[in-house]
Amino acid sequence: MTFDTRFPDGFLWGAATASFQIEGSTTADGRSPSIWDTFCDVEGNVINKDTGDPACDHYRRMPQDVVLMKELGLDAYRFSIAWPRVIPTGTGEVNPAGIDFYSRLVDDLLENGIRPFVTLYHWDLPQVLDDRGGWLNRDIKDWFAEYTQTVVSHLGDRVTNWTTLNEPWCSSLLSYTLGHHAPGHTDRVEGLVAAHHLMLAHGTAVPVIRENCPGAEVSITLNPTQVYGPDNPTDADLDAVRRADDALNGIFFGPLFHGAYPQSLLENTAAITDHGYIHDGDLEVMSAPLDNLGVNNYFPTRVKATEGAVHPLPGGEGVEETDPHPPLTDMGWEISPQGHHDILMRSAQECGLPIYVTENGSAWPDEVSEDGAVHDPDRTAYLHGHLDAVRQAIDDGADIRGYFAWSLMDNFEWAFGYSKRFGIVHVDYDTQKRTVKDSGHEYARIIAAHHG
Ligand code: FCB
């Protein structure tokens, strides 16, 4: 099948990873435990009781992994920094060995012509800070600003693309309300409070980056999802869509880009909180101007109105989540290029900024075949479909500047441990052998064709 590789000039092709998912070496060189190390230790939290070791042993194999990126022809690489490596005590002293790892990574990338896109926080909060309340403690805005200052003062001379947070929805509602991610709480109000403090930390860090890295692009990555109701929706269905959309999308779009939470979210959560965690002036801090928006998107969300139903997300009264429409990936996630297109258009309209697709991809039960290759036609089809959706969104007026495949390589998929494979490169966790999958070869071909 031939695939149309015409994208705008300068469109960036990348791949993404995150520190805890690939690095391993969780106790090396002074790194302290993160909330994910703690979470993994509790039976039942992670499939097979998998942990952050060995992951892809990337902490020790970093130079070879950069060579692999070069071989794929990547223009850019999105990675995150492990706060517990850089400041093991959460606040205070920098750990030279920790920051040096990322400094070497940045140098290696630049030497190979690959632009680093650095995310400051992709969920591995130092456990010592969770012991002080984590994202529920308002002081975290200052802890995060201090950590940001430390990182940008060491890497800001070379890094031009900064992202404060990855998917704050996951670090708040998925982690403090739904309990699926660390620290595994299940409280409706806590999710709202954590979301607020994440936005506040983000907004406090933005000027710190700007002061240290004049000219750099500053961003945040959200995971918005298109919410669809049933065909021919009733008024109640439309209300369910609105409630779900508020708790999934509006809760971040509002503070970041409109200086206010959606009024309907405030009204629909008034029964559970007086919103006392929102202080005067907070929204101004949270809406600090950005240069672009990162969008991670994998699937749409479907809901309908059901009398008496209470979705666990805040404001979820009367909302029932309905089954995804097949085909599904190995995660059980709906494959919907249309949903990808629609949420890109929505995001562009909400933020009025250039967009990077900072994550998109699919999990499949890949195996190395007897011929030594990894044949993953489903991932290639997903890639084609979603790149087509990106191009369609560009044609429809969205200013999309690049696409990052999730993920560069198979890795620790959070609560699913090593049981789900998202890589365009296969990792054998016993030998740490990397094998470029067929989809990875196809991605390399697309990149090469685009660059002509
Ligand atoms: C996103 C996360 C990323 C990865 C993918 C599959 O929500 O940002 O770390 O786990 O999902």
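**View 1. Elements around the largest pocket.** Helix H8 (168-177), helix H10 (235-258), strand E8 (301-310) and strand E9 (317-321) each give at least two residues to the lining of the largest pocket. Helices (H or I, at least four residues) and strands (E, at least two) are DSSP runs, numbered from the N terminus. H10 makes the largest contribution to this lining, with four residues. The model shown is predicted: local features need pLDDT of at least 70, side-chain atom pairs count only at pLDDT 80 or more, and totals for chains, interfaces and linings use all residues. Residues are numbered from 1 along each chain as its sequence is written, and side-chain values use heavy atoms, with hydrogens and water left out.

**View 2. Inside the largest pocket.** The space in this pocket comes to about 1100 Å³. Of its 45 lining residues, Trp169, Leu174, Phe299, Glu321 and Trp333 are the closest to the centre. On a 1 Å grid over the protein atoms alone, a pocket is an open set of points with protein on both sides within 12 Å along at least five of seven lines, a cavity is a set where a 1.4 Å probe fits but cannot get out, and lining residues have an atom within 4 Å of a point. A volume is the space filled by probe spheres set on the points, which are joined across faces, edges and corners.

View 3. Val310 stands opposite Glu317 in E9. Six residues lie between the strands, and in this hairpin Gly315 takes a positive phi near 80 degrees.

View 4. Ala305 sits in strand E8 and, at 24% relative accessibility, counts as partly exposed. Beyond its neighbours within four places in sequence, Ala305 is in contact (heavy atoms within 4.5 Å) with Ala236, Asp237, Ala240 and Gly318. Thr269 belongs to the loop between helix H11 (263-268) and helix H12 (282-286). Thr269 counts as buried because its relative accessibility is 1%; buried means under 20% relative accessible area, exposed over 50%, and partly exposed in between (1.4 Å probe, protein chains only). Leaving aside neighbours within four places in sequence, the contacts of Thr269 include Pro314 and Gly315.

**View 5. The largest cavity.** The structure has seven cavities of 30 Å³ or more, and the largest cavity holds about 80 Å³ of space. Among the residues lining the largest cavity are Arg379, Tyr382, Trp406 and Tyr443. Helix H14 (377-395) and strand E11 (400-406) are the elements that give two or more residues to this lining.

Key. Pairing = 2+ DSSP bridges.
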